[in-house]
Amino acid sequence: MRTLQADASLIDSRTAAWRLLVTVLLVTLGNSAMYVVSVVLPAVQAEFGISRADASMPYTVMMVCLGIGGLWTGIWADRWGIARVLWLGSAAVLGGYVLAALSGNVWMFGIAHGLLGLLGGAATFAPLMADTGLWWNKRRGVAMAVCASGNYIAGTLWPPLAQWGIAEYGWRPTYITLGLVCGIGMLLLAFFMRRPPPALTLPATGAAAPARVTPWPTERPFGLAPVQAQWLLCLAGVACCVAMSMPQVHIVAYCTDLGYGAARGAEMLSLMLFSGIVSRLVSGWICDHIGGLRTLLLGSALQGVALLMFLPVEGMISLYVVSALFGLFQGGIVPAYAIIVREHFPAREAGARTGAVIMATLLGMALGGWMSGWIFDMTGSYDAAFINGIGWNLLNLSIAGWLYWRTRQRPGRLVPAQ
């Protein structure tokens, strides 16, 4: 049971802003392994003497577990509060990194990354996205974009640091250090997250909330049964992230194959994700003005353009430019799903439903990371992998477009914010 009393007046308050800062730090620490594993991929492949697809397996395992864990931790946060979930996650991050560092083969390495995803990274993404949406109304899009930006801050910060540690000390000592820093940091920050979200008290207290325009009541999102709407959003999430994973997972290996070295690839990944931070903040502002669904449509279309741009490019400077553009184009896609859930489903279901959609996006990342490695092994080139990503992106664009079309079939009406 939660022992701290929530206060509806805290919505959009200074307390909410300080909580958001702590949230960003938690996301930055908890999601570090998502990007470090891409940097360590060439070293692990060489040490264990395995194929590119097998070396991509730990990433796939971690992303599958991260998705499943996002659903679990979202449900747990709805029931027991976010702080307890974060304490469990901090232990998993520390233990996962250390176990990976002690691994003697790629299978144990993969299991360790499963732990990092299932209880570590999962605790600091979907539940924190849902929690942030319950602290903001007027600037909800920007606030949730700031929260999601912690994921890309992790991608900007940790790859070059990990690459430096690998080059100077080896990947195993680097992993142990990351476990200590991220695990202990999460443990301490979680103490600031014990207050329950004020939005959950609004129905009980009768506190007023700003109205919003929606064409359908939350009991019929997009005019569909909730389970139908949920499955469509999940399928869209899988599709967009199969496409998204190709550059994010394989850019380091791609640069190594082209002869530019892993360090250049790590820099491109860092640049891509730094651009994603800018994209997420801008997309949050856009969400506050046009809504989550139209923001998803915009991001999906631009991501498809960026994937097309990778096909003719092999020069180092050109790859830096396209990597930056890819980050700018796709960074707002995943946060848009959390906004869509907040806009179209009841607040009391935010953790579980956000967790389900985020699970789908991470399963898409997992599938796409492995699929791109498999296609490379079959063809000896990443061109076919980029084309595969473009096809999945078109599926995402089709689903988002159909849902948007359904919202245009009934005139909007003013209802209380949930």
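Reader: Which residues touch the most other members of the largest nonpolar core?

Author: This is a predicted model, where local features need pLDDT of at least 70, side-chain atom pairs count only at pLDDT 80 or more, and totals for chains, interfaces and linings use all residues. Residues are numbered from 1 along each chain as its sequence is written, and side-chain values use heavy atoms, without hydrogens and water. A nonpolar core is a set of buried (under 20% relative accessible area, 1.4 Å probe, protein chains only) Ala, Val, Leu, Ile, Met, Phe, Trp, Tyr and Cys residues joined through side-chain atoms within 4.5 Å. Among the 125 residues of the largest one, the top members are Met-63, Phe-109 and Tyr-175.

Reader: Which helix gives the most to this core?

Author: Helices here are DSSP runs (H or I, at least four residues), numbered from the N terminus. With 17 residues, the top contributor is helix α10 (residues 226-257).

Reader: How do α4 and α8 run relative to each other, parallel or antiparallel?

Author: The axes (lines fitted to C-alpha atoms over the stretch in contact, with angles from 0 to 180 degrees between N-to-C directions) of α4 (residues 82-101) and α8 come within 8 Å and cross at roughly 170°. Angles over 145 degrees count as roughly antiparallel. So the α4 and α8 pair is roughly antiparallel.

Reader: Which element has the lowest mean pLDDT?

Author: pLDDT is the predictor's confidence in each residue, from 0 to 100, and the chain averages 83. Helix α8 (residues 171-189) has the highest mean, 95.

Conventions: Helices (H or I, at least four residues) and strands (E, at least two) are DSSP runs, numbered from the N terminus. Angles under 35 degrees count as roughly parallel, over 145 as roughly antiparallel, 65 to 115 as roughly perpendicular and the rest as oblique. Buried means under 20% relative accessible area, exposed over 50%, partly exposed in between (1.4 Å probe, protein chains only).
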